[in-house]
Amino acid sequence: MSETKIKSLLEKPVKVVNVGLEGFSRELEQQGVRVVQVDWVPPAGGDPKLADLLSKLGT
Amino acid sequence: MKQIDEANQEALRRMLSGDPVLVDVVPAAQAIPALKDRMILHAGPPVTWERMCGPMRGAVMGIAVFEGWANDLEAAAALASDGAFELHPNHHFDAVGPMTGMTTLSQSVMVVENRTFGNRAYCTINEGLGKVMRFGGNDEEVLERLAWLRDVLGPAMGEALRAGDGLPLKNLIARGLSMGDEMHQRNVACSGLTLRELSPALAATSSSTEDLSKALAFIGGNDQFFLNIAMAMGKAVMDPVRDIDGSSLVTAMSRNGTDFGIRVSGTGDQWFTAPVEMPEGLYFPGFTEDDANPDMGDSTIVETVGLGGFAMGAAPAVAGFVGAGAASDAANYTRTMGEITIGENPEWTIPALDYLGVPSGIDIRLVVETGLAPTINTGIAHKEPGVGQVGAGVVRAPMACFTQALEAFAESVGVS
């Protein structure tokens with residue numbers, strides 16, 4: 001995306017979808033930005049052994 | 001993996017094609033010939049007397065007096081401590097029991113037959129609320145009620161059911177869902193429907209107006225009467241789903257007040273256990289969470305089959321009763337359980353969710369991947385023997401059961 005396009009995005013009110021860490025959305029909300037927080041965690045809570053098994057077993 | 005998906009589809013097909021019918025009420029020794037003198041079946045995975053929680057011990061003591069194996073509770077406790085009783089899970093004998101789940105040879109058990117597969121499952125008759133044996137109650141009042149269930153109501157229900165072709169449960173539960181029941185902590189509608197269905201035959205087969213009147217009043221006055229029928233139904237529906245090679249679906253969830261256990265189709269009858277968790281809920285006046293015993297009972301077979309906490313969207317009234325939040329939160333519980341199940345039950349739908357079928361077929365892979373443990377609606381027992389129910393709440397199945405199961409399941413299909 002060109003720099004001009006990025007700047008034009010920020011000329012209008014920003015709408016944000018935040019995935020994962022809620023701290024980012026809280027910061028934006030405190031500045032009056034509309035944020036939709038997506039409740040997401042890494043597969044198997046980030047446990048690499050279980051995540052590896054899941055990738056082999058498929059879901 | 002394709003073989004797992006195919007095995008799971010077969011498991012789901014068996015689950016959804018079950019045709020459970022309440023066909024009889026008979027003494028437990030007749031239904032379960034392997035059930036012998038001084039043998040006690042309890043809820044949950046295996047547990048010894050030494051590791052039993054307070055209410056489970058209280059129930060063991062009470063049932064030993066009820067069966068005439070001990071003269072009083074103190075003597076019963078001494079016998080139990082000496083290993084005089086054989087203790088086994090209900091699940092190992094085609095049975096289930098709520099909370100402490102005591103099943104012994106002379107008690108009446110309800111018989112649910114799965115007519116698609118020909119198997120049968122058993123559960124005792126619900127005693128009502130408050131100070132009852134399933135919550136660890138064991139005084140004279142509790143034992144007298146058990147004797148009446150054994151000597152009067154059980155035989156009367158058996159005769160009434162045998163006079164007809166039994167009570168088909170699938171449609172009855174479908175109606176209950178549309179009337180606000182989720183079949184674990186709310187059974188108001190299904191209990192009423194059962195009373196309506198059984199009353200004519202109870203009246204036609206009764207030889208005592210006094211007994212008939214008491215039987216009708218007991219069923220009609222017990223909002224949870226249907227719970228034990230729903231449990232036997234769940235066991236009858238889920239048992240044919242066991243032992244399918246390569247299936248990662250859960251076939252049973254159960255707790256004994258100390259451990260929570262699950263079984264998975266592809267790993268047979270092996271239990272995967274972890275310490276039970278404490279329900280979060282609301283307490284009856286005079287009680288607090290300091291009085292509460294951790295999670296207990298075979299009643300999670302209701303969630304295993306897609307009802308209870310999984311069908312919370314059908315029963316917004318229960319969300320308030322169990323302290324799960326506002327009525328509008330109920331739908332979220334059902335939708336969330338949809339993330340850990342592989343299908344929906346087209347015959348058990350929830351009108352308020354645009355006739356969404358209840359989430360069915362818990363896949364351990366989805367539970368571990370999402371970190372979403374099954375939601376369970378439950379009663380809460382006092383932690384001391386002899387007191388009874390003190391509240392109701394919501395609890396999650398421990399994730400450790402599912403991670404252990406996943407590792408064993410992976411090994412069973414040659415994945416490491």
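Student: Which residue of chain B forms a salt bridge with A:Lys49?

Tutor: In this predicted model, A:Lys49 pairs with B:Glu407.

Student: What makes that a salt bridge?

Tutor: The closest N and O atoms of A:Lys49 and B:Glu407 are 3.5 Å apart. The cut-off is 4 Å between a side-chain nitrogen of Lys or Arg and a carboxyl oxygen of Asp or Glu, so the pair qualifies. The rule finds one salt bridge across the interface of chain B and chain A.

Student: Where on chain B does the side that touches chain A come from?

Tutor: Look at α13 (364–370) and α14 (399–412) of chain B, which each supply at least two residues of it. That side divides into nine nonpolar, three polar and three charged residues.

Student: How many residues take part in the contact?

Tutor: Chain B gives 15 residues and chain A gives 12 residues. Together they bury about 1200 Å², with carbon and sulfur atoms giving 70% of that area. On chain B's side, B:Arg365, B:Glu369 and B:Glu407 supply 39% of the area buried against chain A, more than any other three residues.

Student: Now a sheet in chain B: why do β7 and β11 count as paired strands?

Tutor: Two bridges join β7 (residues 250–256) to β11 in chain B. At least two are needed, so they pair, and they run antiparallel. Within β11, B:Gly297 stands opposite B:Arg255.

Student: Why are β9 and β11 called edge strands of chain B?

Tutor: The open sheet's order is β9-β8-β7-β11. β9 (272–275) and β11 (296–297) each have a single partner strand, so one side of each lacks a neighbour in the sheet.

Definitions and conventions:
Residues numbered from 1 in each chain as written. Chains lettered and ligands numbered in written order. Predicted model: local features only at pLDDT ≥ 70, side-chain atom pairs only at ≥ 80, totals over all residues. Heavy atoms only, no water. Contact = heavy atoms within 4.5 Å. Buried area = accessible area lost by both parts, 1.4 Å probe. Helix = DSSP H or I, 4+ residues; strand = E, 2+ residues; numbered from the N terminus. Nonpolar A, V, L, I, M, F, W, Y, C, P; charged D, E, K, R; others polar.
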